Amino acid sequence: ENSVIGLRCLIGRDTVIRNSVVMGADFYETDEELAACGDSSTPVLGIGSNCHIEGAIVDKNCRVGNNVILKNDSSRDDADINDMVWIRDKIVVLQKDAVLPDNWRLE
């Protein structure tokens, strides 16, 4: 809803993206790369299932696991959440090539 979704952006089922920009990816993963992700805790390229992304910018080639919430509920103006996620002018920014595991929540 009211968002821009970039090229080669894979989005899982029941994911809500609202008032956001999702840049997409530079490439599709090969079958071998997808199989390797299935055997590890690294999410596949794109956005997983049952996620909620609101008021965010998701840069290119990000890996967002299942059940992730990326939303600035606290209305903070600026914050460095970790080395991959920032809040600038109340907008959540996920840096290029970032990886968020399953069940990650913006605290």
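**Exercise 1. Is glutamate 33 buried, exposed or partly exposed, and where is it found?**

Step 1. Glutamate 33 has a relative accessible area of 37%. Buried means under 20%, exposed over 50%, and partly exposed in between (1.4 Å probe, protein chains only). So glutamate 33 is partly exposed.

Step 2. Glutamate 33 is found in helix α1, residues 31-38. Helices are DSSP runs (H or I, at least four residues), and strands are runs of E with at least two; both are numbered from the N terminus.

Step 3. A polar atom of its side chain lies 2.8 Å from the backbone nitrogen of threonine 30.

This is a predicted model: local features need pLDDT of at least 70, side-chain atom pairs count only at pLDDT 80 or more, and totals for chains, interfaces and linings use all residues. Residues are numbered from 1 along each chain as its sequence is written, and side-chain values use heavy atoms, with hydrogens and water left out.

**Exercise 2. Which strands stand at the edges of the open sheet, and why is one side of each left without a neighbour?**

Step 1. Write the order: β4-β7-β12, three strands with parallel pairing. Two strands pair if DSSP finds at least two bridges between them.

Step 2. Find the edges. β4 (46-47) and β12 (99-100) each have a single partner strand, so one side of each lacks a neighbour in the sheet.

Step 3. Check one pairing. Two bridges join β7 (residues 63-64) to β12. Valine 64 has leucine 100 as its bridge partner in β12.

**Exercise 3. Where does isoleucine 57 lie, and is it buried, exposed or partly exposed?**

Step 1. Isoleucine 57 lies in strand β6, residues 56-58.

Step 2. Its relative accessible area is 31%, so isoleucine 57 is partly exposed.

Methods: Polar contact = N/O pair within 3.5 Å; in protein donor to acceptor, adjacent residues only side chain to side chain.
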